[in-house]
Amino acid sequence: MQTVTLIEGDGIGPEISAATVLAVEAAGGQFTWERADAGAGAVTKHGDPLPQATIDSIKKNGLALKGPLATPSGGGYRSVNVTLRQQFDLYANVRPAKTIPGVPSRYTNVDLVIVRENTEDLYAGVEHYVDPRRSAAESIAIITRFGSERVIKYAFEYARANGRKKITLVHKANILKMSNGLFLDCGKEIAKEYSDIEFDDMIVDATAMKLVTQPERFDMIVTMNLFGDILSDLTAGLIGGLGVAPASNIGYANHAMFEAVHGTAPDIAGKGIANPTGLMLSAAMMLDHTHQRDAARKLRAGVVAALGNPETRTGDLGGKANTKSFTEAVIKNLETA
Ligand SMILES: NC(=O)c1ccc[n+]([C@@H]2O[C@H](COP(=O)([O-])OP(=O)(O)OC[C@H]3O[C@@H](n4cnc5c(N)ncnc54)[C@H](O)[C@@H]3O)[C@@H](O)[C@H]2O)c1
């Protein structure tokens with residue numbers, strides 16, 4: 001049985017984590033959970049938002065499931081999410097967006113996956129003010145052949161493993177000829193090794209427009225950090241918002257972290273009404289990642305069925321259920337999956 005570091009997180013984190021563990025186990029997921037602290041709760045308990053014991057646990061297990069973590073704005077400690085991505089070199093951020101019947105959204109036919117480079121670009125942290133008066137500032141986008149090739153290869157391998165047919169590489173190489181041009185060149189080279197997967201490229205502004213007007217045109221997108229950050233929130237919006245969007249962060253040596261994309265929802269924390277869909281679907285990705293495909297399929301089917309019925313859908317999506325009754329409905333629907 002594989003051990004997973006479970007970071008319940010802050011705010012609604014403990015509620016949605018408990019619900020997710022119940023649903024994963026009911027679906028037949030074979031995991032042992034090792035609980036570890038991070039975020040505001042860890043500051044209170046240990047005086048550290050990312051205790052060494054948590055890092056050691058992820059290092060040992062290679063797998064983490066993470067609830068949302070509170071990040072103070074403008075000061076305080078650095079984002080634990082960003083630190084974890086860097087610490088474990090989690091270079092590929094995978095964000096699927098698939099229409100869920102019953103969840104209010106503008107489209108009924110979205111089924112795409114964004115693979116975002118997670119470590120470079122304008123997020124590499126290379127920025128400074130040009131003078132002490134802060135009259136100007138520079139942020140430098142770092143794009144390396146190494147960083148580009150590994151994430152593009154990951155996208156092609158993901159496509160093969162998951163029956164995806166086409167990858168669109170998104171860039172702005174018409175203007176950013178060197179940095180984005182390098183990413184595009186890497187994509188064109190690597191695409192030659194995967195003749196079974198269709199490949200094209202698209203400029204990011206045109207992509208934003210096409211995602212909104214013709215999302216069914218896309219199967220997979222691979223792109224750099226900044227564009228991926230923005231476009232993956234856009235695609236979450238196509239399927240009903242961040243509350244139902246899952247994500248995984250993949251690194252070497254099979255290190256991977258699966259996370260709910262939404263925040264800690266402090267306004268509803270402790271009320272028992274949080275929607276655990278984002279974390280449950282992230283856990284389904286973790287089941288796929290560990291080759292527990294049947295349990296993943298069951299868990300997804302249970303979530304989709306529970307969301308499809310207004311009686312068992314949670315209040316944030318206009319339904320009547322709370323976290324407990326939603327989770328019960330997910331588990332009940334696993335049986336029919
Ligand atoms: N991945 C992460 O760990 C992550 C991501 C975003 C924000 N945050 C942190 O979360 C805190 C609050 O951020 P915010 O208020 O901007 O965003 P938020 O996502 O926590 O909340 C925005 C709104 O969506 C609702 N909501 C969010 N998730 C929900 C769920 N699962 N079920 C029902 N309703 C849900 C909230 O009640 C709120 O009204 C901040 O400290 C922020 O730094 C963490």
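**Ligand shell, sheet order and helix packing**

In the predicted model, the ligand is surrounded by 20 residues, of which T71, H262, G263, A265 and N275 are the closest. Classified by residue type, this shell around the ligand comprises nine nonpolar, eight polar and three charged residues.

An open sheet of 10 strands is present, with mixed pairing and the strand order β2-β1-β3-β12-β11-β4-β5-β10-β8-β9. From one strand to the next, the twist averages 25°. Strand β1 (residues 2–7) runs parallel to β2, and five bridges join the two. Within this pair, W33 of β2 is the bridge partner of V4. Helix α9 (residues 277–289) packs on the sheet, where it touches β3 (63–66), β11 (246–250) and β12 (256–260). The direction of α9 makes about 160° with that of β12.

Two helix pairs were examined in the model. In the pair formed by helix α5 (residues 145–161) and helix α6 (residues 179–191), the axes lie 9 Å apart and the packing angle is about 45°. On the α5 side, the contact is made by R145, S148, E149, I152, K153 and F156, and on the α6 side by L182, F183, C186, G187 and I190. By class, the contact of α5 with α6 contains six nonpolar, two polar and three charged residues.

For helix α10 (residues 293–308) and helix α11 (residues 323–334), the axes come within 7 Å and cross at roughly 125°. This angle makes α10 oblique to α11. The crossing in which α10 passes α11 is right-handed. Residues K298, L299, A301, G302, V303, A305 and A306 of α10 form the contact with F326, A329, V330, I331, N333 and L334 of α11. The contact of α10 with α11 consists, by class, of 10 nonpolar, two polar and one charged residues.

Key
Residues are numbered from 1 along each chain as its sequence is written. This is a predicted model: local features need pLDDT of at least 70, side-chain atom pairs count only at pLDDT 80 or more; totals for chains, interfaces and linings use all residues. Axes are lines fitted to C-alpha atoms, for helices over the stretch in contact, and angles run from 0 to 180 degrees between N-to-C directions. Helices (H or I, at least four residues) and strands (E, at least two) are DSSP runs, numbered from the N terminus. Angles under 35 degrees count as roughly parallel, over 145 as roughly antiparallel, 65 to 115 as roughly perpendicular and the rest as oblique. A crossing is left-handed if the near helix is turned anticlockwise from the far one by less than a right angle, and right-handed if clockwise. Two residues are in contact if their C-beta atoms, placed from the backbone, lie within 7 Å. Ala, Val, Leu, Ile, Met, Phe, Trp, Tyr, Cys and Pro count as nonpolar, Asp, Glu, Lys and Arg as charged, and the others, Gly among them, as polar. A residue is near a molecule or strand if its C-beta atom, placed from the backbone, lies within 6 Å of it. Two strands pair if DSSP finds at least two bridges between them.
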